[in-house]
Amino acid sequence: MGIELELRVRQAAARGKGRRREAVVRASHEHGEMLALALEGVTRGRLAQIDPYRDTRFTGQDAQAALPEVAALVRECASPFQEAALLDLAEMLEACVATPGSCLWFISD
């Protein structure tokens, strides 16, 4: 089981098409299993909303709220592999906050 990350940005719909599309502007697939393990025991806060069995979407507001939670997990982390996964998550959350109209998708197995 793993969790991959995709930062997506809405694109304007083509004329006459009606629906907006999301484009993946950044992705992280290398820490999937370690990220799932690092988030496994989280029961409170925004990070607790991440479902390891279904895809989860964070808006910029969700990402902003989750950043201090990730920082706390990094401070408590004993595994260098899980720490690397959490630091990668922090970078993706920061990118989501800094990119207008974006959302961060947690793609679960």
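Leaving aside neighbours within four places in sequence, which residues is Thr99 in contact with? I found Leu7 and Val9, taking contact as heavy atoms within 4.5 Å.

Ground rules before I go on. I am working with a predicted model, where local features need pLDDT of at least 70, side-chain atom pairs count only at pLDDT 80 or more, and totals for chains, interfaces and linings use all residues. Residues are numbered from 1 along each chain as its sequence is written, and side-chain values use heavy atoms, with hydrogens and water left out.

**Thr99.** I placed Thr99 in the loop between helix 3 and strand 4; helices (H or I, at least four residues) and strands (E, at least two) are DSSP runs, numbered from the N terminus. Thr99 and Leu7 are 92 residues apart along the chain, and I get 9.3 Å between their C-alpha atoms. With a relative accessible area of 25%, Thr99 is partly exposed (buried is under 20%, exposed over 50%, partly exposed in between; 1.4 Å probe, protein chains only). The Thr99 side chain also reaches the backbone oxygen of Ala95 at 2.6 Å.

**Helix 3.** I checked the length next. Helix 3 covers residues 80-98, and its 19 residues should span 27 Å at 1.5 Å a residue, which agrees with the 27 Å between its end C-alpha atoms (expected span is 1.5 Å times one less than the number of residues). At the N-terminal end, Ser79 is the cap, with a side-chain oxygen 3.2 Å from the backbone nitrogen of Phe81. I listed the buried residues of helix 3, among them Leu89, Met92 and Cys96. The buried residues pack against several elements, including strand 1 (3-11), helix 2 (60-76) and strand 4 (102-108).

**Helix 1 against helix 3.** Their axes come within 8 Å and cross at roughly 90° (axes are lines fitted to C-alpha atoms, for helices over the stretch in contact, with angles from 0 to 180 degrees between N-to-C directions). That makes the two helices roughly perpendicular, a label for 65 to 115 degrees. Helix 1 brings Met34, Leu35, Leu37, Ala38 and Leu39, and helix 3 brings Phe81, Gln82, Ala85, Leu86 and Leu89.

**Glu6.** I found Glu6 in strand 1. Is Glu6 buried or exposed? Glu6 counts as buried, at 16% relative accessibility. The side chains of Glu6 and Arg8 make a polar contact of 2.8 Å (N or O atoms within 3.5 Å; within protein, one must be able to donate a hydrogen and the other to accept it, and residues adjacent in sequence count only if both atoms are side-chain atoms).

Definitions and conventions. Parallel < 35°, antiparallel > 145°, perpendicular 65-115°, else oblique.
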